[in-house]
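Here's a quick tour to go with the model you're about to see. Have the sequence and the 3D view open while you read.

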Amino acid sequence: MDRYSGVEPKVSIICIDCEDSYIDAELAGMEYGSLDVVKTVSGPDLLEDVFYYAKSVDSKYITFLLPGQKMRERKIELMADRLETAPEIDATVCNRCCTREGRTIAQPDLCYSSAFCDQIVDGKMLLETCVVEGINLYGNLSTLMIRTDSLIARLNKNALQLKAEGMMTVLLNYLLLIGSHLIILEPPLIDSELSDYNENLLRQNMTQYENMLSLLKGEQLFEEGTFEKEKIMPVYMRMLGENKDPEPCAAKKITFFYTDKGEYYNLEPISQEAVKRGYDIRFTQDLKERAEIGIYCQHVSWQYAENSKFSVILLHDLAQGHNRWPDIWNAERWNCFDLCVLPGGGWGDRWAECASMYWSQPARGAYLLGYPKSCCIKDEEIRERAVKLKSELGFTHDRTVLYAPSWENDEKEDDFIRALASLEVNLLIKQAHWPEEYAHIVKNIETMRSEHEGKYANVHYMEPEESILTALEMCDLVVSDESNVMIEALMFAKPSIAVTDWLIPDTQPSRFASVPFDCVYKCKKVELREFVENILFRKKEVLDCEKLREQYFCNAEHVNEDILDLIEYYTSRSEVREEKIQKYFVKPVYMPAALWD
């Protein structure tokens, strides 16, 4: 083994397959003063190299560095400190983030973040759980720090004879975890770089990993029957052509789950197509109900998807989880569903970027089929309703500005009206239809309405129960905080303004609006009037909303027919051809963050 540094050791970093320049970059700025850094390669002699090195040094702890694994500044310090304060454990494992070119794609798994906090975990049990479930909670060698004497004990004479072609670093990681008692550190201290998808490499990794598991089972390091076959995320299996033809799995009955009117309007267009095809349909607000085919669109519905024989998930709205982009799926687990429907290229790209993580992947994959409501933009009923409401409300101006916030709080409606009431425009107020548990928001809405209704000739109110599509048909411009309505306005090729210093009360204290999309104008409260005038009266160049509509929405004319085709393909062995399904199938862009990673 080639010694890289002669610093008096306390913690050793074994760098495997790393270039000198990479090691230098990782050590630059690291303030931990007692390090011994060595290099080796991941060939068949890796176990012996590590074992004999460990026996030759006086380092108390050993950790590792692999290519593409960037250490955060205090990684060594925090892991060593945890071992110092817990003499009863053999090792510690830190969490990691998955990154690409400096961007964080995925945080550590939220579902397990509290389960392991300050708990001593049996390494063998952790590995068996991960292999059975097809998830990786241990990272890789770079996330491990182990006592030197524990490492020596794990690499006994029998272990040193084991060889696993192409998987020696994984084998070493598993051997060190098996039999160890460890603590998992909650803060992520490693950033793992995702690599581009490579089909040949994926097949090779799968084969080599399965061979390694067989080796460990043969050595009786895992219980017989713990697992039959390593799990790989289903989307990758489809990409490799190893998915089986679907078998009929559900009767011709669809339950649509909704918790408010907004969700109801999201699902209604699909239900209309289902009725045409002879499905028995029903709507329910009880997310726990059992169903043959369940179609959901809630943030929390993943917790109830198992109650449906076949489950479909759609976005709640087009700005969903925008303060957590790109990875909303860590908190909203789509791997609990059979398939998902995405509305357009932006969301297709977002999902494809995050599909390397197991929690994003439905059993049958993600499909870029469109936004169910987009079929309604040419609906004569909506147009007739809009004309009727304009007349009933007494619109007197040629232009209309719609106020449709995500939350009504801190008198935002008052800000809107005071800024724009003196303009020769109609001001249309359309608040969301809030469920009963948000009584405080409902009260805010009622208070604002009582203060303003009838006080201004150009201020008009739509009832919260009305479809937002009618409001969008009626307006020329939308003003909001961070609401999905601003993106839905693009279906009608209409611009929006986000007021970024309006507060959002979903945290304590309230936060400013988060608007990470570039399809809307953004301004402060004091700039609102100026922005409205510039846009409505063409005093400045406006966004190309027609072009933006093409980017955000796809397949508007056939979206609901194709959603039903997809469901029938998987539930009733319909005549829908595999080629059509493959046409809409969204492929991941990166290799999976898999069990061998």
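**The big picture**

Of the contacts in the protein between residues at least 6 apart in sequence, 77% join residues at least 24 apart, with contact meaning heavy atoms within 4.5 Å. Keep in mind that this is a predicted model, where local features need pLDDT of at least 70, side-chain atom pairs count only at pLDDT 80 or more, and totals for chains, interfaces and linings use all residues. Residues are numbered from 1 along each chain as its sequence is written, and side-chain values use heavy atoms, with hydrogens and water left out.

- The protein has 19 helices and 24 strands; helices (H or I, at least four residues) and strands (E, at least two) are DSSP runs, numbered from the N terminus.
- Taken along the principal axes, the box filled by the C-alpha atoms is roughly 90 × 55 × 40 Å.
- Of the 597 residues, 57% are buried (buried means under 20% relative accessible area, exposed over 50%, partly exposed in between, with a 1.4 Å probe and protein chains only).

- Six strands make an open sheet with parallel pairing, in the order β19-β18-β17-β20-β21-β24; two strands pair if DSSP finds at least two bridges between them.
- The edges are β19 (459-462) and β24 (521-523), each with a single partner strand, so one side of each has no neighbour in the sheet.
- On average, neighbouring strands of this sheet are turned by 25° against each other, direction ignored (axes are lines fitted to C-alpha atoms, for helices over the stretch in contact, and angles run from 0 to 180 degrees between N-to-C directions).
- Strand β17 (residues 400-403) pairs with strand β18 (residues 426-430) over four bridges, in the parallel sense, and Val401 has Leu427 in β18 as its bridge partner.
- Helix α12 packs on the sheet, where it touches β17, β18, β19 and β20 (477-480), and its direction makes about 170° with that of β18.

**Helix pairs**

Two packed helices are described by the angle between their axes and the distance between the axes.

- Helix α12 (residues 412-420) also meets helix α16 (residues 528-536): their axes come within 9 Å and cross at roughly 60°.
- That makes α12 and α16 oblique to each other (angles under 35 degrees count as roughly parallel, over 145 as roughly antiparallel, 65 to 115 as roughly perpendicular and the rest as oblique).
- The α12 and α16 crossing is right-handed; a crossing is left-handed if the near helix is turned anticlockwise from the far one by less than a right angle, and right-handed if clockwise.
- On the α12 side you'll find Phe416, Ala419 and Leu420, facing Leu528, Arg529 and Val532 in α16.
- By class, the α12 and α16 contact has five nonpolar, no polar and one charged residues (Ala, Val, Leu, Ile, Met, Phe, Trp, Tyr, Cys and Pro count as nonpolar, Asp, Glu, Lys and Arg as charged, and the others, Gly among them, as polar).
- Helix α6 (residues 168-177) and helix α7 (residues 199-218) have axes that come within 11 Å and cross at roughly 35°, and this crossing is right-handed too.
- Here Val170, Leu171, Tyr174 and Leu175 of α6 contact Tyr209, Met212, Leu213, Leu215 and Leu216 of α7, which gives nine nonpolar, no polar and no charged residues.

**Strand β4**

- Five of the five residues of strand β4 (residues 61-65) are buried.
- Tyr61, Thr63 and Leu65 cover one side of β4 and Ile62 and Phe64 the other, and all are buried.
- Strand β2 (residues 11-16) runs parallel to β4, joined by five bridges, with Ser12 opposite Ile62.
- Strand β9 (residues 144-147) pairs with β4 in the antiparallel sense over three bridges, with Tyr61 opposite Arg147.

**Two loop residues**

- Phe553 sits in the loop between α17 (545-552) and α18 (559-571) and counts as buried, at 8% relative accessibility.
- Although 185 residues apart in sequence, Phe553 and Leu368 are 9.6 Å apart in space, C-alpha to C-alpha.
- Not counting residues up to four places away in sequence, Phe553 touches several residues, including Leu318, Pro343, Tyr371 and Met491.
- Ile377 is in the loop between β16 (366-368) and α11 (380-393).
- Leaving aside neighbours within four places in sequence, Ile377 contacts Arg383, Glu473, Met491, Phe492 and Arg549.
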